[in-house]
Amino acid sequence: MSEYVIFTDTACDLSPEILESWGVICESLTFRFDSDGKEYANGEMGAVEFYGKMREGGVAKTAAVNSETFANSFEKILKEGKDVLYIGFSSGLSTTFNSSRLAALQLGEKYPERKIEVVDTLCASAGEGMALYLAVEKKKAGASLSENAQYIRDNILKICHWFTVDDLVYLKRGGRVSPAAALFGNALGIKPVMHVDNEGHLVPVAKIRGRRNAIVEMANRYGQLAEEPGASPVFISHGDCEKDANDLKNILLDRYGANVDIITYVGPVIGAHSGPGTLALFFIGKER
C-alpha cells in the first residue's frame with residue numbers, strides 16, 4: 001500500500017498545532033480588509049484582532065485557493081513518492097474544492113504512477129475539521145487512500161452543522177437575509193439557527209428570540225439528531241465568544257453526557273461572512 005498524506009485547507013478552522021499533531025498538511029485561503037487592502041493568510045492575524053476589526057466596522061473579503069497553488073503543494077508530495085488525500089471545503093460555499101480538482105487532474109497526467117483523491121466534504125468550519133478527524137483516525141486504523149476517501153464520502157452527510165449568529169448584518173451582506181429582515185430581526189433580538197444542508201449550503205432553519213434560547217435550541221438539535229449521544233465526537237467553533245461556547249459545552253454535558261472534544265475559533269474565512277458572535281456545533285448524526 002502506497003504511503004499517502006492527508007491534506008486540507010484553512011476553512012477547517014483547526015489550529016496549526018492540531019493539524020501538525022495529526023500529520024496533516026494545510027493550504028490557506030486568504031482574506032483582506034477593505035480599509036488596508038493587505039492580503040492575509042489564515043494565522044497571519046489572530047482571531048481576537050480579526051473580530052475586533054469587524055466590531056469596529058471593518059469589512060473583510062475572502063479569496064479561495066487557486067488551482068496553481070494546489071498543484072504546487074500537491075506536487076511536492078508526489079515528488080516524495082507519496083499520494084495525496086485532500087479533504088476540502090464545501091463546494092457549495094467556495095470555489096476552493098474545484099481548484100483542488102483541477103490541480104489533481106493536471107498532476108494526474110504528469111504523475112500517472114501516483115494517486116490524488118479529492119473529497120468535497122460539503123462541510124464548513126469545524127464540520128470540515130470533523131471530516132478531517134475521521135480521515136486521520138481511519139488512516140491510523142490502516143485504511144488505504146482509496147478506502148479512506150470512500151469512507152469519508154460515505155459519512156459526509158452524517159456530519160451535522162448547527163450555527164447561530166449574533167448580528168444579522170453579516171448575513172445581510174452575504175445576501176442570506178434581506179436588509180429589512182436584518183433590521184427588524186436585530187431590533188427584536190432574533191437569533192437565527194441555521195445548518196449546512198446536503199448540498200453544502202448554509203440554510204436558515206429557525207428564528208429564535210434571544211441568544212440564550214438560540215444556544216439551547218442548538219443543544220436540542222443535538223439531542224434530536226445525534227447518532228450516538230455522548231459517544232461520538234463533538235466539536236464547537238466560535239467567533240470570539242468563548243463564554244457562549246462553554247455554555248453550550250456545559251448544556252451538552254449536563255443533558256446528554258456529551259463531552260466536547262475540540263473548541264476552536266471560527267477562522268477569518270468563515271467569520272468574514274458570519275461575523276463576531278458566531279457559534280457553531282458539529283457532531284455525527286443520523287442525518288444532517
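Helix 4, which runs over residues 96-110, has 15 residues that at 1.5 Å a residue should span 21 Å, and its end C-alpha atoms lie 22 Å apart, which agrees; the expected span is taken as 1.5 Å times one less than the number of residues. Helices here are DSSP runs of H or I with at least four residues and strands are runs of E with at least two, both numbered from the N terminus. The model is a predicted one, in which local features need pLDDT of at least 70 and side-chain atom pairs count only at pLDDT 80 or more, while totals for chains, interfaces and linings use all residues. Residues are numbered from 1 along each chain as its sequence is written, and side-chain values use heavy atoms, with hydrogens and water left out.

Within helix 4, the residues Thr96, Phe97, Ser99, Ser100, Ala103, Ala104 and Leu107 are buried, where buried means under 20% relative accessible area, exposed over 50%, and partly exposed in between, with a 1.4 Å probe and protein chains only.

Helix 10 can be read in the same way. Its 15 residues, 242-256, reach 21 Å from the first C-alpha to the last, close to the 21 Å expected at 1.5 Å a residue. Asp244, Ala245, Leu248, Ile251 and Leu252 are buried in helix 10, and because, seen down the axis, these buried residues fall within an arc of 120°, they line one face of the helix. The face of helix 10 turned away from that buried side carries the exposed residues Lys243 and Asp254, whereas the cover over the buried residues includes helix 9 (211-225), strand 11 (234-238), strand 12 (262-265) and strand 13 (279-284). Just after helix 10, Gly257 takes a positive phi of about 65°.

The next feature is a pair of helices. The axes of helix 5 (residues 126-140) and helix 6 (residues 145-155) come within 10 Å and cross at roughly 145°, where axes are lines fitted to C-alpha atoms, for helices over the stretch in contact, and angles run from 0 to 180 degrees between N-to-C directions. In this pairing, Ala131, Leu134, Ala135, Lys138 and Lys139 of helix 5 meet Asn148, Tyr151 and Ile152 of helix 6.

Asn148, in helix 6, counts as buried because its relative accessibility is 0%. Leaving aside residues up to four places away in sequence, Asn148 touches Tyr4, Ile6, Leu85, Ala135, Lys138, Lys139 and Ala143. Asn148 and Leu85 are 63 residues apart in sequence, yet 8.4 Å apart in space, C-alpha to C-alpha.

Asp13, in the loop between strand 1 and helix 1 (16-22), has a positive phi of about 60° although it is not a glycine, and Asp13 is buried, with a relative accessible area of 5%. Ser125, in the loop between strand 7 and helix 5, has a phi near 55°, again a positive value in a residue other than glycine, and Ser125 counts as buried at 0% relative accessibility.

Definitions and conventions:
Contact means heavy atoms within 4.5 Å. The arc is that of the directions from the helix axis to the C-beta atoms.
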